[in-house]
4 protein chains.
Amino acid sequence: METMNYAAIPTPRGPEEKGDLGFGAVVSTASRKRLLNPDGSFNVRRVGLPWAEAVSLYHSALTLSWPQFFGWVVLIYLGINILFGALFLLCGPGALVGSGAASMGGAFARAFFFSVETFATIGYGNISPAGAMPHFIMTFEALVGVLAQALITGLFFARFARPTAAITFSSRAVIAPFKDGKALMIRMANRRKNELIELKASLSFSYVNDENGVSMRRYRALTLDRAEVTFFPLAWTIVHPITPASPLWALDHDALMAKDAEILLLLSGIDDTFATTVHARTSYKPDQLDWDTRFTNIFNQPDADGLMSLDISRLDETHPVV
Amino acid sequence: METMNYAAIPTPRGPEEKGDLGFGAVVSTASRKRLLNPDGSFNVRRVGLPWAEAVSLYHSALTLSWPQFFGWVVLIYLGINILFGALFLLCGPGALVGSGAASMGGAFARAFFFSVETFATIGYGNISPAGAMPHFIMTFEALVGVLAQALITGLFFARFARPTAAITFSSRAVIAPFKDGKALMIRMANRRKNELIELKASLSFSYVNDENGVSMRRYRALTLDRAEVTFFPLAWTIVHPITPASPLWALDHDALMAKDAEILLLLSGIDDTFATTVHARTSYKPDQLDWDTRFTNIFNQPDADGLMSLDISRLDETHPVV
Amino acid sequence: METMNYAAIPTPRGPEEKGDLGFGAVVSTASRKRLLNPDGSFNVRRVGLPWAEAVSLYHSALTLSWPQFFGWVVLIYLGINILFGALFLLCGPGALVGSGAASMGGAFARAFFFSVETFATIGYGNISPAGAMPHFIMTFEALVGVLAQALITGLFFARFARPTAAITFSSRAVIAPFKDGKALMIRMANRRKNELIELKASLSFSYVNDENGVSMRRYRALTLDRAEVTFFPLAWTIVHPITPASPLWALDHDALMAKDAEILLLLSGIDDTFATTVHARTSYKPDQLDWDTRFTNIFNQPDADGLMSLDISRLDETHPVV
Amino acid sequence: METMNYAAIPTPRGPEEKGDLGFGAVVSTASRKRLLNPDGSFNVRRVGLPWAEAVSLYHSALTLSWPQFFGWVVLIYLGINILFGALFLLCGPGALVGSGAASMGGAFARAFFFSVETFATIGYGNISPAGAMPHFIMTFEALVGVLAQALITGLFFARFARPTAAITFSSRAVIAPFKDGKALMIRMANRRKNELIELKASLSFSYVNDENGVSMRRYRALTLDRAEVTFFPLAWTIVHPITPASPLWALDHDALMAKDAEILLLLSGIDDTFATTVHARTSYKPDQLDWDTRFTNIFNQPDADGLMSLDISRLDETHPVV
């Protein structure tokens, strides 16, 4: 389809196109899914990659949750030892000497436990290899053990060192009174003890436009009252004033729904612990906007020492404007 | 309280607000604590996080002092071996064979020492497991040992790799003669052998302002005579000339106290050893300012080889201006 | 040759020289090879370095493919154990005690297996050293084992942490209709699950120019219709409109061949997984350009869930413009 | 000395001071040493730090040469095992059982070798501990072994990951004909296989000036004909044209000597292998300048395959201009 290919190449149509973030016009028109999920992931898939590349073991090993990660470690650990246990067993009854198999739950159990003692480089000597072939297998397993230790250490550290911002965005955005008019507001907080500094936010408005009978998805930047803060010790509420210059001016809920609108928020900052730049993003569809609503104050009164605190559990609290 | 929520959203009131660093107007008004501690940490707390997230083991493991870190390592090492020792003991008297328990301080001591030989993958064989269950526990402990080695290696490196600037700021700021007038000066030195390059400083003045009967905390940038240096081989004295354009013009000690003033200093630079960007910050309250005082020269005369040196221990030395 | 040395110093000849990327005028004139290979490597060699520096083991260890890397690990592992096996053998027949050599394939095999048990710190005890010299060799091999484990762990992680962009460029560039004229287009896709953000592209045109009878290689920047995208979730087609202002204006295939032209593409972006900046580059010679051709759309229709997908295997598909 | 303290604060004296790199006016006047050594290190020392901080073990561990690093590793390895060997010996003759001490070179040798088998977690079992105290010492040594493995692995990787640019600068700078006049030229080459990209150079001229009878060191930037290159595949000659606008205009060797001049060169670039920013710097004193001299071409003719090469060993080759 000629037009779709053309659409994949974003064409400049004036300054408003600066809000386009790289999705292009195609995706958004053909798909009725949101562009960005609330957790910041994209609603697209890549296909056509060879199996080996598509799986991307390393990327998975980094992005698994810790319980999943440890689950895989245990499975692979058992798998390796079952495999080598089976190999030792295949060498025949005389391949392993020492404690009798009967006391350990049978010949396979003995071979499995011998494999563990080898893989983990323990080597009590209560079971030991006898003959050239078992020694050869042991030589190979010892190398596998060294590599496995190196691999798991590398993955542990890579998981630690991976810069991630634990920023919680309010699950809904509000349209609240601001100065003499109204503003779109989104609240966020830092869940981690890590300080985030030099935070920058950018907000985009994406909508479907009818152009000569063709539906095209368009993008426009939404200017922020304040787009940067040096410190982010508490919460930050970003504010887009809905002035006549705003693409949101005079649009109500129904108009936003009709345009299949989506508000895209991008955040970048520096994690002070590792001095790495972290990114976070989210988006809001029209049904996540609360009109004539304010975020409720989430600062607690200073305690006896005069120290203020912020109650992150109340990040989503709002109240209607009367 | 409506106004507090509004205050959490910094509203632009002209260029002077560029000095606001993200604290917003609320915190500073309600709390009488300083915003930034001398060591650069913030005087705010986050509450309302689930226990698991609030603890942040990894962040703690990185920011503990080395003695604390090693203390925890020893405790966890003993704890793991006590736990596995107890498990081996629970398998009954025949679970471990080899050297008698009596010679090692009893059955529990023997089980504990066997656990150590397993966990650390030594496996002399002077004690060895007998039966399926002890072998099974040994299999699990061997995995724990592999993971513990990986974890401790990862933490060691993460602690090493964490970019930290060991910048010492003078404990007090001075108001000294400068050209035809006066200037606020703060001195700093690099405690590490690591070279810091491309250093940038920014200075802010924070104060409480009465606006229509409401106390609002305001922020204004203080321009520096020189805000960047390429090298930081020695000490650096940053200088804010108190000209009529300065927010500090015509303010004396009492005026600063009345305004609950705070001078915030931010520094960023590149650590030449790891090419990572490091940040440091501190603040000064009015009682940390010395009026009509100079920093005393801390350069030693060149030695026999003509090499100059800087005496960091005298960073805080000042003398009154006569 | 005086002129060549002069040529090595790029002389500014107006804004068009901004396209020069550091090759200078010499290389390109004397050599008829392309400047940049399709995989982004350079067509030059450095000579005159001492052997030790030229080999650069660490760089090789990082850039080897995984099979090559594991091949070397196996070879070095065998080599170390053959070496230490031989050393133990040299200590005489009584140096090792325990299981008889006959059962393991001879004295050398026994010494080799003993070395493995030592290097990998297994130490079953079925073979053990006897006498001062074998213990001394064992002491040394134990240290080698510790260092080898550290080295392989460090290399594993360094290979993981090395930021690499798996960007596939279309193997050919096309000259396709664009608005009222034509444009040079190159398509690319991200093969990894890692999100790439803040992508920037720059395109240069390099050609040989006759200047007063001397062939000089010149460089000119090619402006892009869009040089940056915030997200790169799918494919990106970069577009250089061939307007009268373009250095490619009015040049056809034969003219480009005669000028020994080369189109150089540079890309940089941020890998969202590690927040590291990654770079990719490629180049196109005139015989890699398809005239009056378009890239075929590679978006699949939305699936049942409304999710779009991109077929990376069809990145190179083009069709002629009728 | 009042004036020295004042001098430590760089005072702005117009745009020429932009060349000051952070040394300030004091250092350079009082010391007759060069500011920057040819290898880029600074000619200043810090004193007054507590012993523990001044030593900076980690920084040393990173910057030692590899032979020195391995030397320390061997010493510490032997030291730890001598220490633990002595502890085991102190437990009395019955603390270790197994192979007799006589065959290993005495009781201390046996205790030392047992310590090695424990520290490296080998544990053949040919020697094993007997009694509670030896087991307790073994427990502690096993922990030391785990930590040592973690430490050495962390240091290995930190040494690998440390971004260093192996840029060789020509040992001398030349003043060569350039266009209609002359230019100061410095040549550099990349010794590593790592590609360096986005290289930026800046050049400063430092000199002592007599100001109202006081010698003050001043700094001025030297503009470069070309201050950036995108690729650095070969050699790069940076060129400062000595026009009437240059601070070097009309200065000859004797004038530079009288002013105790120093030319400071700073370079930054991105190492393509790790995407880390690397820095290099050097300086030239007047006796390192060659007047009316050119760098000799160091490009070899293309080989049979048309591939050019650069002979880095001839980087310093110059020839007089006739």
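Student: In which sense do β16(A) and strand β1 of chain B pair?
Tutor: This is a predicted model, in which local features need pLDDT of at least 70 and side-chain atom pairs count only at pLDDT 80 or more, whereas totals for chains, interfaces and linings use all residues. Residues are numbered from 1 along each chain as its sequence is written, and chains are lettered from A and ligands numbered from 1 in the order in which they are written. Helices (H or I, at least four residues) and strands (E, at least two) are DSSP runs, numbered from the N terminus, and two strands pair if DSSP finds at least two bridges between them. Four bridges join β16(A) to β1 (residues 44-47) of chain B, and the sense of the pairing is parallel.

Student: Which residue of β1(B) stands opposite Ser309(A)?
Tutor: The strand β16(A) pairs with β1 of chain B. Within β1(B), the residue opposite Ser309(A) is Arg45(B).

Student: Which element of chain A gives the most residues to the side that touches chain B?
Tutor: Two residues are in contact if their C-beta atoms, placed from the backbone, lie within 7 Å. The contact takes 60 residues from chain A and 59 residues from chain B. Several elements of chain A give two or more residues, among them α5 (66-90), α6 (107-119) and α7 (132-161). The element that gives the most, with seven residues, is α7(A).

Student: How many residues on the side of chain A that touches chain B are charged?
Tutor: Ala, Val, Leu, Ile, Met, Phe, Trp, Tyr, Cys and Pro count as nonpolar, Asp, Glu, Lys and Arg as charged, and the others, Gly among them, as polar. This side of chain A has 31 nonpolar and 19 polar residues, and the number of charged residues is ten.

Student: How many polar residues are on the side of chain D that touches chain A?
Tutor: The contact takes four residues from each of chain D and chain A. The side of chain D has no nonpolar and no charged residues, and its polar residues number four.

Student: By what turn can chain D be laid on chain A?
Tutor: Copies are superposed by least squares on the C-alpha atoms of residues with pLDDT of at least 70 in both. The RMSD is 0.1 Å and the shift along the axis is 0.0 Å, with a turn of 180 degrees. The two copies are therefore related as by a two-fold rotation axis.

Student: How many residues has the largest nonpolar core?
Tutor: A residue is buried if 20 or more other C-beta atoms lie within 10 Å of its own, exposed if 12 or fewer, and partly exposed in between, with C-beta atoms placed from the backbone. A nonpolar core is a set of buried Ala, Val, Leu, Ile, Met, Phe, Trp, Tyr and Cys residues joined through C-beta atoms within 7 Å. Met185(A) and Leu265(D) are among those with the most contacts inside the largest core, whose residues number 204.

Student: How many residues are in the second, separate core?
Tutor: This core includes Tyr77(B), Leu155(B), Phe113(D) and Val116(D). Its number of residues is 97.

Student: Why does Ala148(B) count as partly exposed?
Tutor: Ala148(B) lies in helix α7 (residues 132-161) of chain B. Ala148(B) counts as partly exposed because its C-beta neighbours inside 10 Å number 19.

Student: What is the distance between the end C-alpha atoms of α5(A)?
Tutor: The expected span of a helix is 1.5 Å times one less than its number of residues. The 25 residues of α5(A) should therefore span 36 Å, which agrees with the distance between its end C-alpha atoms, 36 Å.

Student: Is Lys179(C) buried or exposed?
Tutor: Lys179(C) is found in the loop between β5 (173-178) and β6 (181-190) of chain C, and it has a positive phi of about 50 degrees although it is not a glycine. With 11 other C-beta atoms within 10 Å, Lys179(C) is exposed.
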